[in-house]
Amino acid sequence: MKIQRLAVAGFGPYKEEQLVDFETFDDDGIFLITGKTGAGKSSLLDAICFALYGSVPRYDGTQPKLRSHYCEPGDPTVVDLEFRVHDVSYRVRRTPEYERPKARGSGTTVQKTTAELFVLRDGDWQGIAARPVDVARELDTILGLTKDQFLQVILLAQNRFQEFLLARNDDRQAVLRTLFGTRRFEQVELELIERRKTLGATLDSTAGSLRASAELAAALAQRAVPDEPDLGWFDSALAELTASQETAAQAATVADAEFTAADAEHRRLQDARHLQLRRDSARALLDTFGAQTAAIDADRVVLAHATRAASVWAHVAGLRRAEAAWDAAVASETIFRERYSASMYSDVLPGDTVHEADELEAVVDDLTRRLGTLEQARDEESALPQLRHGVERLEHELDARRSAVDEAERLIATLPNELDEVAEALSAARVSAAGVAEAKERVSRLDVARTAAKRAVTLDRRLIEARFAEKDASAALMSATAHQDELFARRLSGYAAELATELTDGSPCSVCGSRDHPHPADRDSAPVTELDIGAARADVAARRSDLDAASAVANSLVSDLAEAKATAGNRSIDEIEAELIDATTAQLDILAAADVVADCEQTQAELRTALDNAAPLLARLRSDLATTAEHLASARSALTAATDRVDAARAGFSSVGERMSLLQGRLDAAKALIASTAETAVREAAVAGARDVLAAQLSDNGFDSEDAVERSRRSSAEIAALDGRIREFDQSVSTARATLAEPELTGLPVEPVDPAPAAERRAEASAARDAALQVAGLLADRVTQLDTIVTRVHADQDASARLRAEFDRLRALAGAVQGNEPNTKRMRLETYVLAAQLEEIVAAANTRLRTMTGGRYTLQHDDSVQYRNTRSGLGLAILDGHTGRARATHSLSGGETFLASLALALGLAEVVTNQAGGITLDTLFIDEGFGSLDGDTLEIAMSTLDSLRSGGRTIGLISHVDAMKEQIPAKLRITVTDSGPSRIDTSLELV
């Protein structure tokens, strides 16, 4: 990280904006921030910390102290910082909370804290965040350092320089973790712990599952659950239940055989009874149908006649249909012939030819040819409106183009004069608008003066009130003083009376010692006590305090009034209002003139552009005019030719379509008459053919006439009923005779067989078999379930053994990376990694610390076990070469602590910079601490800092030590102006 530029305004001792370009000191590497005490040297570091983190280490975030006391109510307070991280430049702009004047009305309002963050891309600052919470979130990602870490490795502020050296293990770990990005090792540790918990929960679940499996197995085997069931218990339960199942299976086999025998006997008796019933039924059926033989024979005769009549009747019906169709065709032909005659002799126009009926084919051909010829004329007729519209459109277009040519010619003639007029108006407006800045400044100045004048009126009234209050306070003081004097006088005058009250006859006077008291003093009023005197004194002090306060208020108002009158130029509000009205009017006139200038400039540019484009436009318009004229002539010619062709095709009709409609009607009538004549001939031939076929069918089927066929004919339902009765009779007789002839029906007992006793024996055998099968099936299901449970228990126990071994290894590993047993050093995994980094930091720091301390002191990495179970691994100790013993870093003196802290900070920056992916620390600020060093040690420390130039770092030092001012040529000087605020000399001062 490298700090590049800083701008502050209204911050700390800086009222006006101050700019600091730290890159000015890149070539020197080291620069000194110098100035008097309180000038604002440390405030620069405060501004950097405030810009990045929104707070200042010296004030613990109390932002009201950040605003400069020199600021006027309307002055802004802002810090603007540019810095670079990983070759990317950022800019953060931040303001604290402070009081500012209201935008409307009088009084002040709270200006809330603001923050903005930008990134430099392609030479432009592009916004990233615009709210303090968003800026803080983005900066946390960009910087990768908390405020405390930033103050320990980059900005070493007063009283914080030695914090990393003296920090506890946990605090030092937080800094190193951020710098070296070792949080992933903590994630590894957490992952191992989570896996250990998961495996432990799995093992616990396995134990509970074994108990649950034992309870299920006990329920299936109907035996008790032991306290600690093992695999042998599960196996024995399965064997016992399997034996019971095998016994039940054998009993079910025996019961099934007994049922099979009973079922066979029952079936035999049932079959014999069924055969007896079939025999008796066939005999009864033959007796019944024997009485119906004569009636069935009569039906057979009727059915034969009806069958022959049915085949002939179709030809009778066909002849009748053919005769009816012939009659219809003859009637239709008569109608179509009349229609054709009517169409041929109506609406006959000159040139039409009327054809006779025997020339119908020629008529059809002629009409078809004439209609084909008229189709093109009809299309042209329908296109005539469009052609006329096109001619009209081109005529309008020609007129418009003529007008455009005239307008372009007029524009070319008038534009130069318009340009001259606009140029004159522009010159005049520019002269009027020349004093915009002066007019605005005058209005602003008079507005401030008017506010001051109004304030002076208010202050004058308040001053009068304050003078009266001062007068009343003075009078009250005088009254209290007089009352106090009166009490003093009464107290003095009452001493004699007070002594007199203490005199007794014969006792000596405490004043004169006499025992005689001839004239004791009398008390003429109430006595004045010390309490009265004290109350009077307190009242006088209170009244004097009131007078001082009233005088202070009056004096402050006198000063404020003088300032307000000076700001108002000792003018009244009316005078200023008059001047302000004049100034505002003048400003409005000037602003209006400025608007006129802008309008004239725009008009001038437009006119020049129009003049430049006028000549090419005129040429183009003339060309378009000629083209349009040509198109119009062509369109008019096409319209005339089309109109002539259409008039010829109409031949006296109102339209071609009307003529085509008449011809189409004649064509349709001729075609219909041709078709009707052909249909009549076909129908006549069909009647002759039908008569011949019917005569042959009557002869073949033994009928002498159509009437005989009609008398023998029966409906389809009657034929179906006759055929059904005959078929049913024949089939029933045949079936009965076939049944009696079956071999199974011979030799049957005459008396009926009774199967009921055999059915009872079968039912008893079936019930016994079902019970035995049910018992065997239930036992088989229980054996299957128990076998599944036992198999699962064996698998779970095998897996549990592996999980137990893995859990033991994982528990030991998790304990080790957590710093627990068996980790004897109590050093966590992340701490172990950071300890290696700390060793490198210590090694880098010692190369400078040995030089700065003449080889006496050496930093040591302390990874010993700490007391009270404190985590170890990131401790630091100091080895004293004089004693040969290591001791705590807290035991170093102030100067020694400074040197050790400086060496450690430089070593930390060096190691972090060398680490791939780490934070590059290109800038380092050190605020004070050099004053605790003697001359020789200071020289060594400066030599060490000077050696850092080759590393490309820039180090800023704040110190009052004169020797450093002489040794460091690059300086940033901060001076206090005569009016109070500080100023930063941004130039590079070399001495």
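Reader: What makes Leu-902 count as in contact with Leu-945?
Author: Contact means heavy atoms within 4.5 Å. Leu-902 meets that cut-off with Leu-945, and so do Ile-30, Leu-906, Ile-926, Phe-930, Ile-955 and Leu-957. That list leaves aside neighbours within four places in sequence. This is a predicted model, where local features need pLDDT of at least 70 and side-chain atom pairs count only at pLDDT 80 or more, while totals for chains, interfaces and linings use all residues. Residues are numbered from 1 along each chain as its sequence is written, and side-chain values use heavy atoms, with hydrogens and water left out.

Reader: What makes S4 a strand, and where does Glu-82 sit?
Author: Strands are DSSP runs of E, at least two residues, and helices are runs of H or I, at least four; both are numbered from the N terminus. Glu-82 lies in strand S4. Opposite Glu-82 stands Arg-91 in S5.

Reader: How do you know that S4 and S5 pair?
Author: Two strands pair if DSSP finds at least two bridges between them. S4 (78-85) and S5 (88-95) have seven bridges and run antiparallel, so they pair. S5 also pairs with S8 (114-121), antiparallel, over six bridges. There, Arg-93 has Glu-116 in S8 as its bridge partner.

Reader: Why are S11 and S13 called edge strands?
Author: The open sheet has the order S11-S12-S13, with antiparallel pairing. S11 (857-862) and S13 (885-888) each have a single partner strand, so one side of each has no neighbour in the sheet. S12 (875-880) joins S13 over four bridges, with Asp-880 opposite Arg-885.

Reader: What makes up the angle between H18 and S11?
Author: Axes are lines fitted to C-alpha atoms, for helices over the stretch in contact, and angles run from 0 to 180 degrees between N-to-C directions. H18 (829-852) lies across S11 and S12, at about 175 degrees to S11.
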